[in-house]
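This briefing is for a reader who is new to the structure below. Please look over the sequence and the model before reading on.

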Amino acid sequence: MLINNDTIIKDDDSFIRTKSEPVELPLSEENKQILRELFQYVQDSTDEEKAQKLNLRPAVGISAIQIGIPRQLTAVIVHEYDKNDEPITYQYMLANPKIVSRSIQSAYLENGEGCLSVPEEHDGFVVRSARVKVSGYDLLTDQNVTIRARGYLAIVLQHEIDHFSGVLFYDHIDPKNPHPDVPGAMVI
Ligand code: CO
């Protein structure tokens, strides 16, 4: 399957709003392959040379609906720093990830969010939970995982899981008040 900036489904196609179904576990070979290709996209998209050659837009995550498959599959690669300021990479190939709990504290990206399915910029804070606990099956490690995510990783996971409900990041922005004051929010 060819995944690039031309084949990814954009928000002018109402299919992007389709709800994604959970997949059966253990994963079929077909669903494993989809996850591998999604992961490969994210990996290649941040390699400048490959991105240019293959027409990839840089991303930290992509979900199956974005390539026309309404199944709860998503790949995420986030480079972060841990508590000791050491670089750490969080990477997942998730099937049926689900948010099982979330913090009261909010978080948002100061410069707003972007999405492979959204060509235009949408200015505004996307206020999400600062911490989420996500359960699902991870093909990368071949196990059921519970991810305790905070900050940027938490935002990325919420963004991707939103895709399963057909929700896009700008749905969370109030055009009348795109930059609300959010008391106590973690600003990233
Ligand atoms: Co997106």
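Predicted model: local features only at pLDDT ≥ 70, side-chain atom pairs only at ≥ 80, totals over all residues.

Residues are numbered from 1 along each chain as its sequence is written, and side-chain values use heavy atoms, with hydrogens and water left out.

**Helix α3**
- Helix α3 covers residues 151–164; helices are DSSP runs of H or I with at least four residues, strands are runs of E with at least two, and both are numbered from the N terminus.
- From first to last C-alpha, α3 reaches 21 Å, close to the 20 Å expected at 1.5 Å a residue (1.5 Å times one less than its number of residues).
- Of the 14 residues of α3, 13 are buried, so the helix is largely enclosed by the rest of the structure (buried means under 20% relative accessible area, with a 1.4 Å probe and protein chains only).
- Just after α3, G166 has a positive phi of about 75°.

**Residue D162**
- D162 lies in α3 and is buried, with a relative accessible area of 16%.
- The side chains of D162 and R128 make a polar contact at 3.0 Å (a pair of N or O atoms within 3.5 Å; within protein, one must be able to donate a hydrogen and the other to accept it, and residues adjacent in sequence count only if both atoms are side-chain atoms).

**Cobalt site**
- The protein donors of the cobalt ion are C115 (SG), H159 (NE2) and H163 (NE2), 2.1 to 2.3 Å from the ion (donors are N, O and S atoms within 2.8 Å of the metal, or 3.2 Å for Na, K and Ca; water is not among the atoms, so sites may look incomplete).
- C115 lies in the loop between β4 (106–108) and β5 (128–129) and H163 in α3, so the pair ties together parts 48 residues apart in sequence.
- Both C115 and H163 are buried.

Notes:
Buried < 20%, exposed > 50% of the residue type's maximum accessible area, 1.4 Å probe, protein only.
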